Amino acid sequence: MSRHFNGTVPRVSLAGLLLCVTCQPSHAGNWTLRPYIQFQEIYSDNIKLAQKGNETAAFVTEATPSIFVVRQSGRSNLNLNYRMQNLYNASGDNEATTFNQLQFNSYNTLIPNRFFLNANSSVSQQNISNTQVANDNISGSGNRANVNTFSLSPNWTPHFGNYANGSIGANFDTLTTDTIAASDRAGISDTVNLGEQLQLNSGTAFKRVSWNLSFNNRENYRASGNDVSFQNSNATVRTYLNKQFNVFAQGGYSENSFQSLTGSNNGFFYTAGVQWMPSQRYSLEAGYGNNAHVTLNISPMQRLTWVTTFRDNKIGLNSGQTWQTALNYRTQRTTWSLSHNNDTTTVQTLLLQQRVITIDINPDPLITQPVQFPFFFPTQTDQVILTKTWDFSVSFVTGKSNIAVSAFNQDRSFQVTGNHEKVTGINGRWNWQFAPKTSAYINPGWQQIDRGLSQKDNRYDFALGLNRSITNRLNGRLEFRHLNQSSAVTTNNYEENRATASLFLRF
């Protein structure tokens, strides 16, 4: 049962009050509190994920009380989802352990149309050993680290009459890892990130000419390891010859600092070119310079959009010949997407962006969905990583079924060691609600990590389950899961069969 309050809200916890400081106390809002608890009894025939012949079977008991908090008003939105995972005999150690998981987001308007303040925080557990499959804290040898993140982002949007519109923002982020012993530390440093973003765009007073100025700077200060900084300045001027043609000129300066075998391609860059727009559904743009590109944008129908860009950059991040594409297509029952991107990033940045707990203000009554193992994550390292990523997904919805398939391929290049790592995977999901209060699901998955020199890990995951809405507040689930990993590293070979019985109670 959801509990609704108007105006002030009774005290939940000190941590909750501290997280709510970004809310507007002078404007009453609608609060929704949804406490719930999940009980699970789990049987694993290989609780330590050991090699064949060394398996140990065990039962693990879980009790996870949680609270979901939403605040909505005209000037702020807050979402907080907290879980306290209490386990007995996790990893077969005959001990009681507790793990905290938090996902917090707050979006606030301090001055309408002028000043905004966003805050985010998370607490999660991450693998620091390739032998452990998932972040479920149930099986494996216990090689995991607590990861805590916090982010605060003020943003000011000044307007200069009809002449210009601006955006001035800053970011303050922290990432820390908590571990039991120094030997268990994750391969990444605790990091403080500082960033500034400035954007200024021409206003409506400019008819046949438009212009844009931007500056982006991000500094990563690490407790150990080398600091990293990304900085880029850019100016663009575009002149419209007629409704179909415009010409543009772009210039700027890129200044990046991080450890790399090849070094950073810093310096001034320039591009000049033309754009052709025969209609609102088609456009072609080409620019030439030491940073060159060609962009094709087509949308022959309302349900289809496709943008593809080829770049040949000599200056800045992601230099060299690269390309990216984004295709989205919708029908009445299906959704298709295909994308390819290039990025220069760090593990700390990816951890700041990840979703620890999916927040849903109106959760499905059959909320007891299976755990999705997040294989798609790079080796934890302080190195800057260049990535080339393919993503594909398709979903199909009928009156009683929901079918989805996703696939990915990512090539990771580590800038200090020069090592390459290719990760390929495919995941599927079929959920069939064959009765008013009952549904079944099948979740297969496969992933391969290729580190070169015949060092490949193949992981297979298959889950089969049954969900049942017992009452309006109580849901149940039965699940069988099979895991298999084959690796060039003998100690990383294992199989696990797991049976889980779950009860999910909403208060």
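Trainee: Where is T295 found?

Mentor: In this predicted model, T295 sits in strand β16, which covers residues 291-301.

Trainee: And why is T295 called buried?

Mentor: T295 has 17% relative accessibility. Buried means under 20%, so T295 counts as buried.

Trainee: What joins the side chains of T295 and T309?

Mentor: A polar contact of 3.0 Å. The cut-off is a pair of N or O atoms within 3.5 Å, so 3.0 Å qualifies.

Trainee: Which residues does T295 touch, leaving out those up to four places away in sequence?

Mentor: S283, L284 and E285, plus V307, T308 and T309.

Trainee: What makes up the largest nonpolar core?

Mentor: Ten residues: W31, L33, I67, V69, L78, L80, L102, F104, A119 and V123. Another core, of eight residues, lies apart from it and includes I47, L87, A90 and I138.

Trainee: How confident is the predictor in the chain?

Mentor: The average pLDDT is 86, and 87% of the residues score at least 70. Over residues 1-27, though, pLDDT is below 50, and that stretch has 50 contacts beyond near neighbours in sequence. Residues 359-374 also have pLDDT below 50, with 46 such contacts in the model.

Definitions and conventions:
Residues numbered from 1 in each chain as written. Predicted model: local features only at pLDDT ≥ 70, side-chain atom pairs only at ≥ 80, totals over all residues. Heavy atoms only, no water. pLDDT = per-residue confidence, 0-100. Contact = heavy atoms within 4.5 Å. Helix = DSSP H or I, 4+ residues; strand = E, 2+ residues; numbered from the N terminus. Buried < 20%, exposed > 50% of the residue type's maximum accessible area, 1.4 Å probe, protein only. Polar contact = N/O pair within 3.5 Å; in protein donor to acceptor, adjacent residues only side chain to side chain. Core = buried A, V, L, I, M, F, W, Y, C linked by side-chain atoms within 4.5 Å.
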